[in-house]
Amino acid sequence: NTTNKLVDELRKVYQNGSETVQINSAPGLLTVFFSTTSVSDFRSAKAQDSVKYGRFFHNMLNNGVYLPPSPYEAWFISSEHDDDTIAKTCQIVENSLDSMRL
């Protein structure tokens, strides 16, 4: 399943980058929350670091990855997301996290 593969690869990137995130997913969509606690409802979603998500969103956008602008929205996965796209996306996520630490 493409969604699971992307989620697994994203978790590796975030762990290697020492960034604590929660990734919630269902077939065809996922959401990344910059949070140290699990996200299961609106209250826990609101507790995330939305400023950090905003910086992350703009870094990704500037590098050609179009994410939802709100930290409460889902990323949608399509049939166009193949192994190369997943690898490229994860590389851009890694680069974005690196630039956020500067």
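Visitor: In which helix does T2 lie, and is T2 buried or exposed, or partly exposed?

Guide: In this predicted model, T2 lies in helix α1, which covers residues 2–16. The relative accessible area of T2 is 31%.

Visitor: Which residues does T2 contact, leaving aside neighbours within four places in sequence, and how far apart are the C-alpha atoms of T2 and I77?

Guide: Beyond its neighbours within four places in sequence, T2 is in contact with I77, H81 and I86. Of these, I77 is 75 residues apart from T2 along the chain. The separation of the C-alpha atoms of T2 and I77 is 7.5 Å.

Visitor: Is V7 buried or exposed, and which residues does V7 touch, not counting residues up to four places away in sequence?

Guide: V7 is also found in helix α1. Its relative accessibility is 2%, and the limit for a buried residue is under 20%, so V7 counts as buried. Not counting residues up to four places away in sequence, V7 touches I23, S25 and L30.

Visitor: How far apart in space are V7 and R55, C-alpha to C-alpha?

Guide: In sequence, V7 and R55 are 48 residues apart. Their distance in space, C-alpha to C-alpha, is 20 Å.

Visitor: Are α1 and α4 roughly parallel or roughly antiparallel to each other?

Guide: The axes of α1 and α4 come within 10 Å and cross at roughly 25°. In this crossing α1 passes α4 in a right-handed manner. Angles under 35 degrees count as roughly parallel, and therefore α1 and α4 are roughly parallel.

Visitor: Which residues of α1 and α4 meet, and how do the residues of this contact divide into nonpolar, polar and charged?

Guide: From α1, the residues T2, K5, L6, E9, L10, V13 and Y14 take part, and they meet D83, I86, C90, V93, E94 and L97 in α4. The residues of this contact divide into eight nonpolar, one polar and four charged.

Visitor: At what angle do the axes of helix α3 and helix α4 cross, and what does that make α3 to α4?

Guide: Helix α3 covers residues 50–62 and helix α4 covers residues 83–100, and their axes come within 9 Å. The crossing, at roughly 125°, is right-handed. An angle of roughly 125° makes α3, in relation to α4, oblique.

Visitor: Which residues make the contact of α3 with α4, and how many of them are nonpolar, polar and charged?

Guide: On the side of α3, the contact is made by K52, R55, F56, N59 and M60. On the side of α4, it is made by T89, I92, V93, S96, L97, S99 and M100. By class, the residues are six nonpolar, four polar and two charged.

Visitor: With which side chain does the side chain of K52 make a polar contact?

Guide: K52 has its place in helix α3. Not counting residues up to four places away in sequence, K52 touches E19, F34 and M100. The polar contact of its side chain, at 3.0 Å, is with the side chain of E19.

Visitor: Is Q22 buried or exposed, and which backbone oxygen does the side chain of Q22 reach?

Guide: Q22 is found in strand β1, residues 22–26. Its relative accessible area is 18%, which is under 20%, so Q22 is buried. Leaving aside neighbours within four places in sequence, its contacts include T31, V32, F33 and S35. The backbone oxygen that the side chain of Q22 reaches, at 3.1 Å, is that of S35.

Technical notes
Residues are numbered from 1 along each chain as its sequence is written. This is a predicted model: local features need pLDDT of at least 70, side-chain atom pairs count only at pLDDT 80 or more; totals for chains, interfaces and linings use all residues. Side-chain values use heavy atoms; hydrogens and water are left out. Helices (H or I, at least four residues) and strands (E, at least two) are DSSP runs, numbered from the N terminus. Buried means under 20% relative accessible area, exposed over 50%, partly exposed in between (1.4 Å probe, protein chains only). A polar contact is a pair of N or O atoms within 3.5 Å; within protein, one must be able to donate a hydrogen and the other to accept it, and residues adjacent in sequence count only if both atoms are side-chain atoms. Contact means heavy atoms within 4.5 Å. Axes are lines fitted to C-alpha atoms, for helices over the stretch in contact, and angles run from 0 to 180 degrees between N-to-C directions. Angles under 35 degrees count as roughly parallel, over 145 as roughly antiparallel, 65 to 115 as roughly perpendicular and the rest as oblique. A crossing is left-handed if the near helix is turned anticlockwise from the far one by less than a right angle, and right-handed if clockwise. Ala, Val, Leu, Ile, Met, Phe, Trp, Tyr, Cys and Pro count as nonpolar, Asp, Glu, Lys and Arg as charged, and the others, Gly among them, as polar.
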